[in-house]
Structure formats: C-alpha cells, structure tokens
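Visitor: I have a model open here and would like to talk through how its pieces pack. Could you put it up so that we are both looking at it?

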Amino acid sequence: MLRVGLTGGIGAGKSTVARCFAALGAVVVDADVLAREVVAPGTAGWHAVVECFGPGVLTPDGELDRPALGRLVFTDPAARRDLNAVVHPLVAARREELVAAAPVDAVVVEDVPLLVETGMAPRFPLVVVVHADVTERVRRLVEDRGMSEGDARARVGAQAGDDERLAAADVVLDNPRRAAGSPDPLPAAVEDLWRDRLVPFERNLRERRVAAPRPRGGIRAQQQRVARLVARVAHAAGVGDRAVEPVDAAVLRGAPVEDVVELQLTVPSTADVARLEEVLAAAGFPRVVGEGDGALHGSADPGSPARLHVRVAGSPDRR
C-alpha cells in the first residue's frame, strides 16, 4: 500500500485532482468529508463544537452553521485553534480506520487541506500539491463559490503560504487560469503521475524494491528534496531531524549534486537497526543489504532516488 498526501490552497483545484485519482482506481480519503462526518448532529464532535462556540453556530434544525462557523474561525486564529483541537483528532482516528480497510496493493490518496499547516507532510511517502497563485484562487472563490473578496482573502490567508506548501511537495500539479474553452490540464497530468510514478512506487513498496536513479534536478530542487527526505525518515524513525543527515553535506552548500541523495540515520544500537527495518520500508525505504553493524535502505519512489545508511552511533562506518 502507498499512502499519498494530497493538498493545495483553497480554490487551487484539489477536489478535481482527487476525483481524477478516484477514477483511476485510488482509494481517496477526503478529510473534508470526514470533518463533516465527525461533527454530524448528536456526535461527540458536534457536542464539543457547541460547547466550545455556543448555540450560535447552529442552524434552526440543529446542524452546524458552517458559513457562520467559517467566518468566525477564519478571522480569529484562537478560535481556529480551538476548532482544530476538537475536529483534527476525530478526523485522524476515522482516517486511520479507512486506510486500514484498504486493499494491501492500494494507492491511498489522503485529501488533506491543512496537511502542511498541521505538520503532516513527513508522514507520507509522497506529497502532491495542487498549485494556483493567490490571485487566481481568490477569483475562483468569488466567481465560482459566491464569496465576497474579503472572505475569500481571509480564507486564503488562514492557510499556509505558497512557498511553504511548495517546499513540502514531492510533486506539484499546476492549475493556472485557462482561456475560455481550453481543456483542463489536470486529468492528463494526474494520469501521467499515476502511471509513471504512483503505480510503480506502490509496487516497489509492496515488493520491497528500490527504484533506479533518475536524472538530477537543479540545486534548489535538490536542497528541498533533501529536506523532505530528512523529515520523512526522522518522522518514521521517531527521532529528531538531527539524527538524519546528508552523507555529503556539500549537497546543501550548493556543490554539484549527485543523482541519488545519500542520507545517514544514526541509531543507538544494532537492535534499533533491526527494529526500524519494517518501519522504514513502510515509509518508502525498503532494506537493501546489511552494512557492518547497520543496514542500507533505498527509496522505492521512482521519482526520488535515495540511499539511506542506518548506522550505529560510534561505529567505524558512521560518517
């Protein structure tokens, strides 16, 4: 199973991409749908929201008045934190139930609007970001969803900025404004991504295979890729980012870049090397071979080749 994180700023076109993935056979888990489910009238989540914000956030028939609640939380960071503290744990629990029920060979696309804001990006072996610039997203919210410009800008401003979101992306699907009558580029882009990267990635994960190297990108792209891989390995291993480092730190200083990112994870003992084998494989780094007291793992992602050396602190192999 491959778990893919899908996100994008409001109005970027993320829902269109999610529908395309579903049509191709992905198991799509939509956080917005789950967020509605866990606060349906009478649920524990519904009671918690009403207790926190009062009966003024209810419609006459007892449903949550989402427009009223949205206006409140998107202009008040403290209120937004309070709402997230109620909803996010409930959504996370329900999401894990759905993922656990998916087939073993599934590509599970988890549609999470606040994936970057909630620090979830390192949890996924691959993150897809749907991107459109702020001006275009505001226009879509006003013209397509009937929001006022002030409300649209408040909602856009409550989310992560474009730079932060793009830095978390393994794949960026651009969705700019199109001329009238021009075809939507997203379905073809999603199909290419599915065929060329996601299906092979899932198969590699399931069969514990490492992907072959690909042509290298530019220095900046490589720096961001290293940062994403470091965060992903650290999260999977349950360690701080400092325990994971490039074997050749010159990569981050702007020196010539190799096709394959080389990382080193330092662990306390050989027992940890064995303990992390399946954990790292599930995160996208199956084991290749033993290396002294440690082990060599590699990336299963055909679009992001990497070697991960798991080494014991104080061992002669540690660099």
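Visitor: At roughly what angle do the axes of helix α6 and helix α7 cross?

Guide: Bearing in mind that this is a predicted model, the axes of α6 (residues 134–145) and α7 (residues 149–157) cross at roughly 130° and come within 9 Å.

Visitor: Which residues make the contact?

Guide: From α6 the contact is made by Val-134, Arg-137, Val-138, Leu-141 and Val-142, and these meet Glu-149, Ala-152, Arg-153 and Val-156 of α7. Sorted by class, the contact has six nonpolar and three charged residues, with no polar ones.

Visitor: And is the crossing left-handed or right-handed?

Guide: α6 passes α7 in a right-handed crossing.

Visitor: Changing topic, which residues of the largest nonpolar core touch the most other members?

Guide: That core has 24 residues, and the ones touching the most other members are Val-4, Leu-6, Val-17, Phe-21, Val-128 and Leu-198. At least two residues each come from β1 (2–8), α1 (14–24), β3 (107–111), β4 (126–131), β5 (171–174) and α9 (186–207), and α9 gives the most, with seven residues.

Visitor: What does Leu-198 touch?

Guide: Leaving aside residues up to four places away in sequence, Leu-198 touches Leu-2, Val-4, Phe-21, Val-107, Leu-126 and Leu-193.

Visitor: How many residues are in the other core?

Guide: Another core, lying apart from the largest one, has 23 residues, including Leu-34, Val-39, Val-49 and Val-86.

Conventions:
Residues are numbered from 1 along each chain as its sequence is written. This is a predicted model: local features need pLDDT of at least 70, side-chain atom pairs count only at pLDDT 80 or more; totals for chains, interfaces and linings use all residues. Side-chain values use heavy atoms; hydrogens and water are left out. Axes are lines fitted to C-alpha atoms, for helices over the stretch in contact, and angles run from 0 to 180 degrees between N-to-C directions. Helices (H or I, at least four residues) and strands (E, at least two) are DSSP runs, numbered from the N terminus. A crossing is left-handed if the near helix is turned anticlockwise from the far one by less than a right angle, and right-handed if clockwise. Contact means heavy atoms within 4.5 Å. Ala, Val, Leu, Ile, Met, Phe, Trp, Tyr, Cys and Pro count as nonpolar, Asp, Glu, Lys and Arg as charged, and the others, Gly among them, as polar. A nonpolar core is a set of buried Ala, Val, Leu, Ile, Met, Phe, Trp, Tyr and Cys residues joined through side-chain atoms within 4.5 Å. Buried means under 20% relative accessible area, exposed over 50%, partly exposed in between (1.4 Å probe, protein chains only).
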